Amino acid sequence: MTILCAGITHREAALEIREKFAIGNHELQEALDTLRTIEGLCGAVVVSTCNRVELYASSMNPLPVRDGIRRFLKSRTCGLEVPFCTEDSLLSVRHLFRVASGLESMVVGETEILGQLKQAYSAASDHGATNAHLNKLFQHAFRVAKQVRTETNITRGATSVGSVAVDLAGKIFGDLGGRKVMILGAGDTSERVARSLVSRGVRTVIVANRTFDRAAALADQIGGLAVHFDHWHTAFDEVDILICSTAAPHPIVTREKLELILRGHGERPLFIIDLAVPRDVDASVNELENVYLYDIDSIEEIARQSLNIRQAEIVRCEALIETHVADFLHWMHNHPTHSR
Amino acid sequence: MPNFLLFASTLILLCSFGYTMFRLGSGRLRPGRTNLAALIAAFLLILGDLWLRGQAQHSCPINSLFDVLVFTAWSIILIYLLVGSAYRLSLLGAFTTPLVLLMLLTAEFAPLDRTPRLRAMRDPWIEFHASLSLIAYGAFALAGLAGIMYLLQDRQLKSRKGGTLLYNLPPITDLAIANTRLIWLGLGLLTVAFAAGFVSGMQVNSIKFWTSASIWLAYALMVALRQIHTLAPRRTATLSIAALAFILTTLPVIQHLSAPK
C-alpha cells in the first residue's frame, strides 16, 4: 500500500491561487465521489482550509492514482498545475504529521489546523471514503500532534497583538470574567484586541472616540457603551483594562492625570495597552503602583519571542515526528494489503 | 529509623528541586505534579519521624532546635497542602520545596543541639501553644513565599519582556490575595497559640515575650492596613518577606529561651 499526498499551501502560492483550488463543504461529497472513481484509489481525505488544500490518498497502484489526482485538481482550476504531488509514502506521512503538529502552518505551532484535520477526516470517514490505512494514518497523526504539543514548547506563548494582550490580562487579573475595558480611539487593532478580551469573558466595554458616531457604531458591534471623548475620564470608574489607539500627536494619558483618576480606583491593577503611534500614554505611567503599561513595540516583542521559542522547538518536534513516521511505515510494511 | 525517614524526605525534596531547576533551565516549567508528589511524600515521612520522636520523648517533639526546625518544615508543607491547591498556585510548591529543604538540611547537618530539653511536668497547654505557634510560622512562611512570587511577577510585568517566569507564575491578583489570606491564617493561629500560652500561665522570658509580641504586632498591623487599603499589595508582599526573615532569624533565640532550665 502507498500513501499519496497532493495539494497547495500558503508556502507555494498566494491566496488568489489557493482559492481556485479550495473545496468548500458543499462540494466535499462530490469531490470525494469523483476521487473514488480514480482507478486504483483505495481511500481519500480532502483537507481544505484558508492556508491549504490537500488530498491524502491510499493506493496499491500509486502512479495512475497520482495522475488521476493531478487531473482532478487541474480540472477544478482551469488548468493550473498542482505544485505538490508525491506518491512517496515516507514524504506523504511525514507531511501529514508535520501539518497536524502545526509545523507547516503560517503561524508555526498554531493548533487550529488539528481541528480542521479532524473535521476533514471525519467528513471523509462518514462518507465511506477512508480505508484501514488512512484510518490508521490519521489516528496516528492526531496522536503525534498531541505528543508534540505536550512534550515541546511549539504552542508556547501568544503570537498576535490580540492574543498577547489577552495572555497579559490573564497574568494580571486571572479570570477576565466581569472585568471592564475602555477603548480610547476606535481603530481596527483596538477593536480586534477588545474582541479578543470580550471572547474571554470581559463584562463591559466603554468606547470613546473623537467621532462619537464611530464610537457608537463600535460599541454597538461589540455590545459596549459609547461615551464622548472629552468625558472619558469621568467614565473611568472600575475600568481594569484601557486600550488606547487615538491619532493624537501627544500623550493624552499623562502620569499626573492618571494619578488623579486612580485615587478612586482602589487597589485594583490597571492594564494599559497603548497601540497608538505616536504613543497616547506617557511612559512614566508604568512606574505607578499596580499600573502595567504595554505599548505596541513591547507587545510585538513578546509575540516575536513566542515565535522564536516556537522556531527553536522545531528541531525537537521533527525528531519526535520522525520516530512516529518510522513506526507508521513499519506498520504499513506489515500490513501491505488493501482493506476497507 | 527517625534519621532514615528525615534523610529520605530530604533526598526526595532534593530530587524534586533539581528536577524543577532542570525544567526551568530548559524552559519547560510545569512542576505542579512533581512538586506536589514530592511534598506529599516528604510530609508523610517527616510525620513518621515526628511520631517516632514524639513517642520517644513522651511529648510533642519540639524540645530542641533540631526538633523545632523539623516541625516548622513539616508545618510549612502542611499549610501548603491545605491552602496551596485551594488557590491553584501550583508553582508555590516549587518555591516551598527549597525553603523546606533548607530547613531540613540545616536540621540534619548543621552543628545543632539535638538533646531534647524536657519539662519535669508535661503541660498540654504549653505543648499546644508551642506547636500551634510553629504551624502559624508555617503559614507566615507560605505568605512570605507568595510575597516573593508576587514581587517576581510584578517585576516581570513591569519589565514588559515576557519570558518563562511570566507565563508560569500565577496571576498577580491571585498572588496578592493568597499573600494576604495566608497572613490572616498565620495571625489567627498565632493568636490562638498565644491565648493557650496565657492559659497555661507559663513563665516567659521578657526577650522571648517581646520578640513574639513584635511578630504578632507586625502581622496584625499588616492585615489592619490592608483592610483599610493603606498598604498596597506590593508593600504587603515586601513586608511579609521581611517578617519571614525576622522569624527565621529569631527562631533559634526563641527556642533557646523557651527551653526549661
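**Notebook: a strand, a helix and a partner chain**

I began with strand β9 (residues 270-274) of chain A; five of its five residues are buried, so β9(A) is largely enclosed by the rest of the structure. I note here that the model is a predicted one.

I looked at the two faces of β9(A) in turn. Leu270(A), Ile272(A) and Asp274(A) lie on one side, Phe271(A) and Ile273(A) lie on the other, and all are buried, which leaves both faces covered.

Next I looked up the strands that pair with β9(A). Strand β8 (residues 241-244) of chain A runs parallel to β9(A), and four bridges join them. Within this pairing I found Cys244(A) bridged to Asp274(A). Strand β10 (residues 291-295) of chain A also runs parallel to β9(A), joined by five bridges. There, Leu270(A) has Val291(A) as its bridge partner.

Together with helix α10 (residues 255-262) of chain A, the two strands make a right-handed β-α-β unit.

**Helix α7 of chain A**

I turned to helix α7 (residues 161-173) of chain A. From first C-alpha to last, its 13 residues reach 18 Å, close to the 18 Å expected at 1.5 Å a residue. I counted a residue as buried when 20 or more other C-beta atoms lie within 10 Å of its own. Ten of the 13 residues of α7(A) are buried, so this helix is largely enclosed by the rest of the structure. Among them are Val161(A), Val164(A), Leu168(A), Ile172(A) and Phe173(A), and also the charged residues Asp167(A) and Lys171(A). Just past the helix, I noted that Gly174(A) takes a positive phi of about 75°.

**Chain B**

I went through chain B and found nine helices and zero strands. Buried residues make up 45% of the 261 residues. Of the contacts in chain B with a separation of 6 or more, 83% are between residues 24 or more positions apart.

**Where the chains touch**

Last, I looked up the contact between the chains: 16 residues of chain B are in contact with 18 residues of chain A. On the chain B side, α5 (124-159), α6 (164-168), α7 (172-200) and α9 (233-258) each supply at least two residues. The largest share, three residues, comes from α7(B). By class, I recorded seven nonpolar, four polar and five charged residues on that side.

How values were computed
Residues are numbered from 1 along each chain as its sequence is written. Chains are lettered from A and ligands numbered from 1 in the order in which they are written. This is a predicted model: local features need pLDDT of at least 70, side-chain atom pairs count only at pLDDT 80 or more; totals for chains, interfaces and linings use all residues. The expected span of a helix is 1.5 Å times one less than its number of residues. A residue is buried if 20 or more other C-beta atoms lie within 10 Å of its own, exposed if 12 or fewer, and partly exposed in between; C-beta atoms are placed from the backbone. Two strands pair if DSSP finds at least two bridges between them. A crossover is right-handed if, with the strands pointing away from the viewer, the path from the first strand over the helix to the second runs clockwise. Two residues are in contact if their C-beta atoms, placed from the backbone, lie within 7 Å.
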